[in-house]
Amino acid sequence: MFTVRVNGTEQKLDVDPDMPLLWALRDMVGLTGTKYGCGQALCGACVVHLNGEPVRSCVTPISRAAGGTVLTIEGLSPDGNHPLQKAWVELGVPQCGFCQSGQIMSAAALLAKKPHPTDAEIDESLAGNLCRCGTYTRIRAAVKKASGTP
């Protein structure tokens with residue numbers, strides 16, 4: 001049995017210690033905003049925050065999250081008013097949308113450490129998040145808008 005605080009709510013999960021955090025969130029907690037992409041930590045579609053740090057939930061065992069705090073896209077802002085979410089909508093960032101929750105969670109981690117990142121810092125921080133639609137220019141613009149950086 002693992003106890004994990006997910007989006008501010010304590011969850012008790014009776015699962016295999018090796019179960020990826022992604023599947024615990026999706027199948028046990030019912031939070032489907034975090035996406036399965038490659039299953040090998042290569043694409044970033046599954047990024048969530050574990051104890052404030054971005055992690056690839058597809059390769060993070062639930063045992064690593066035990067006693068910790070997890071933040072998913074659903075918990076970033078329950079009403080969708082996080083500055084990143086608003087910028088994403090205002091700039092029409094998503095195309096297919098599949099990678100967007102991972103992109104936003106990685107961007108949120110960046111802004112928590114660097115409130116006004118440069119283009120290079122945004123590119124470097126989000127380099128591990130792949131977008132099949134190629135909306136990287138709009139993603140960078142949305143991160144800058146959310147940060148209030150011109």
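**Salt bridges between separate parts of the chain**

Glu-53 is partly exposed, with a relative accessible area of 37%; here buried means under 20% relative accessible area, exposed over 50%, and partly exposed in between (1.4 Å probe, protein chains only). This is a predicted model, in which local features need pLDDT of at least 70 and side-chain atom pairs count only at pLDDT 80 or more, while totals for chains, interfaces and linings use all residues. Residues are numbered from 1 along each chain as its sequence is written, and side-chain values use heavy atoms, with hydrogens and water left out.

A search through the whole structure turns up six salt bridges, each a side-chain nitrogen of Lys or Arg within 4 Å of a carboxyl oxygen of Asp or Glu. In one of them, Glu-53 pairs up with Lys-113, with 2.9 Å between the closest N and O atoms. Glu-53 sits in strand E4 (residues 53-56) and Lys-113 in helix H5 (residues 100-113), so this pair links distant parts of the chain, 60 residues apart; helices (H or I, at least four residues) and strands (E, at least two) are DSSP runs, numbered from the N terminus. Lys-113 itself is exposed, at 56% relative accessible area.

Helix H7 takes part in another of these pairs. Lys-145 bridges to Glu-90, the closest N and O atoms being 3.3 Å apart. Lys-145 belongs to helix H7 (residues 136-147) and Glu-90 to helix H4 (residues 83-90), so parts 55 residues apart in sequence get tied together. Lys-145 is partly exposed at 43%, whereas Glu-90 is exposed at 51%.

Lys-144, also in helix H7, meets Asp-119 in a salt bridge of 2.9 Å, N to O. Asp-119 lies in helix H6 (residues 119-125), 25 residues away. Asp-119 is partly exposed at 30%, but Lys-144 is buried, with 16%.
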